[in-house]
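Student: I would like to learn how to read a structure of this kind, feature by feature. Could you take me through the general idea behind each feature and then the case at hand?

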Amino acid sequence: MRLIDTHVHLNFPDFKEERVEIMERAQEAGIAYFVNVGTDVETSKQSQELANKYENIFATAGVHPHDAKDVNEAVLNEIKEILKDPKVVAIGEVGLDFFRNMSPQEVQEKVLEQFLELYSEIDKPLIFHCRDAFDRLLEIVTHYGKAPYSGIFHCFSGDKDILKRCLDLGFHISFAGPLTYKKNDELREACQYCPLDRLLIETDAPYLPPQTKRGKRNETLYMMETFETMKQIHGMGGEALSDQILSNAKSVLRLPL
Ligand SMILES: [Zn+2]
Ligand SMILES: [Zn+2]
């Protein structure tokens, strides 16, 4: 079995001393590849460095909506520069977060448009972070008018109807630890509705550990619990589902695997 964690932050200080062990533990369980996601210029550079150091890590570059307030022309140019590296495979994470509102909503929306502009310019897929803002995000993306898009809604948290709207725009859908939470029947229903060829899995580690690890620091190995839940939801065996997910990741992120 070969799986991929399509959204992880291995560069974060939470992992400092243990990064290599965490990668090894994941690989022993069959998780062979990692997409290390940048959240600002600094962490995008760190992701790029990791991707250049390890063959099985791919990087992304972007600015998280929390930090949208810090985006200016210089920041956009730096992100663009990082994205020239072939191991930096996607723009992200970018998007809208109206749950925590750490940047003003209108600033988040403006920055999202700037990243959509970059998307149409450089032709690498998008990785969206979207929390409590699906209506606005889908409106902006639709209005921008370049569907079908290539990209991923990471740590999907919407219902079946929202999922359908994301699919209609061409996006892939990635599920994280919350898929295993007891109260999340609606999310499992959305996952069941997701066509197999658009389905992805991730940890978002160090955040969002699955049900039995709640309260702990998350790591890629724990993705196996989310994978078990996904197998049950789709009534599939591990080999078939992991092959499908890896092939989806290869296709949307154009990974040279
Ligand atoms: Zn995120
Ligand atoms: Zn993230």
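Tutor: What follows is a conversation about the sheet, the core, the metal site and some backbone details.

Student: Which conventions should I keep in mind before we start?

Tutor: This is a predicted model, in which local features need pLDDT of at least 70 and side-chain atom pairs count only at pLDDT 80 or more, while totals for chains, interfaces and linings use all residues. Residues are numbered from 1 along each chain as its sequence is written, chains are lettered from A and ligands numbered from 1 in the order in which they are written, and side-chain values use heavy atoms, with hydrogens and water left out.

Student: What is the order of the strands in the open sheet, and how do they pair?

Tutor: Helices (H or I, at least four residues) and strands (E, at least two) are DSSP runs numbered from the N terminus, and two strands pair if DSSP finds at least two bridges between them. Here an open sheet of eight strands has the order S1-S2-S3-S4-S5-S6-S7-S8, with parallel pairing. Its edge strands, each pairing on one side only, are S1 (3–8) and S8 (199–201). From one strand to the next the twist averages 30°, where axes are lines fitted to C-alpha atoms, for helices over the stretch in contact, and angles run from 0 to 180 degrees between N-to-C directions.

Student: How many bridges join S1 to S2?

Tutor: Four bridges connect S1 with the parallel strand S2 (residues 31–36), and Ile4 stands opposite Tyr33 in S2.

Student: Which strands does helix H9 lie across?

Tutor: Contact means heavy atoms within 4.5 Å. Helix H9 (residues 238–253) lies across S1, S2, S4 (88–97), S6 (151–153), S7 (172–175) and S8, and runs at about 100° to S8.

Student: Is His172 buried or exposed?

Tutor: Buried means under 20% relative accessible area, exposed over 50%, and partly exposed in between, with a 1.4 Å probe and protein chains only. His172, whose place is in strand S7, is buried because its relative accessible area is 9%. Not counting residues up to four places away in sequence, His172 touches residues including Phe153, Asp197, Leu200 and Asn248.

Student: Which residues have the most contacts inside the largest nonpolar core?

Tutor: A nonpolar core is a set of buried Ala, Val, Leu, Ile, Met, Phe, Trp, Tyr and Cys residues joined through side-chain atoms within 4.5 Å. The largest one has 86 residues, and those with the most contacts inside it are Phe128, Phe153, Phe156 and Phe175. Among the residues that Phe175 touches, leaving aside those up to four places away in sequence, are Phe156, Leu163, Leu199 and Glu202.

Student: Which residues coordinate the zinc ion (ligand 1)?

Tutor: Donors are N, O and S atoms within 2.8 Å of the metal (3.2 Å for Na, K and Ca), and water is not among the atoms, so sites may look incomplete. The zinc ion (ligand 1) is coordinated by Glu93 (OE), His129 (ND1) and His154 (NE2), at 2.0 to 2.1 Å. The pair links distant parts of the chain, with His129 in strand S5 (residues 126–131) and His154 in the loop between S6 and helix H6 (160–168), 25 residues apart. Both His129 and His154 are buried. Glu93 also bridges the zinc ion (ligand 1) and the zinc ion (ligand 2), which lie 3.4 Å apart.

Student: What does the side chain of Glu202 make a polar contact with?

Tutor: A polar contact is a pair of N or O atoms within 3.5 Å; within protein, one must be able to donate a hydrogen and the other to accept it, and residues adjacent in sequence count only if both atoms are side-chain atoms. The side chain of Glu202 makes such a contact with that of His154 (2.8 Å), and another of 2.8 Å joins the side chains of Glu202 and Ser174. Glu202 is found in the loop between S8 and helix H8 (223–234), and counts as buried because its relative accessibility is 1%.

Student: Where are the cis peptide bonds?

Tutor: The bond from Gly92 to Glu93 is cis, with omega near 5°, and Glu93 lies in strand S4. A cis peptide bond also joins Ala205 and Pro206, where omega is about 15°.

Student: What is the phi of Asp132, and what is that of Cys155?

Tutor: Phi of Asp132, a residue other than glycine, is positive and near 55°, and Asp132 counts as exposed because its relative accessibility is 54%. Cys155, also not a glycine, has a positive phi of about 40°, but Cys155 is buried, with a relative accessible area of 15%.
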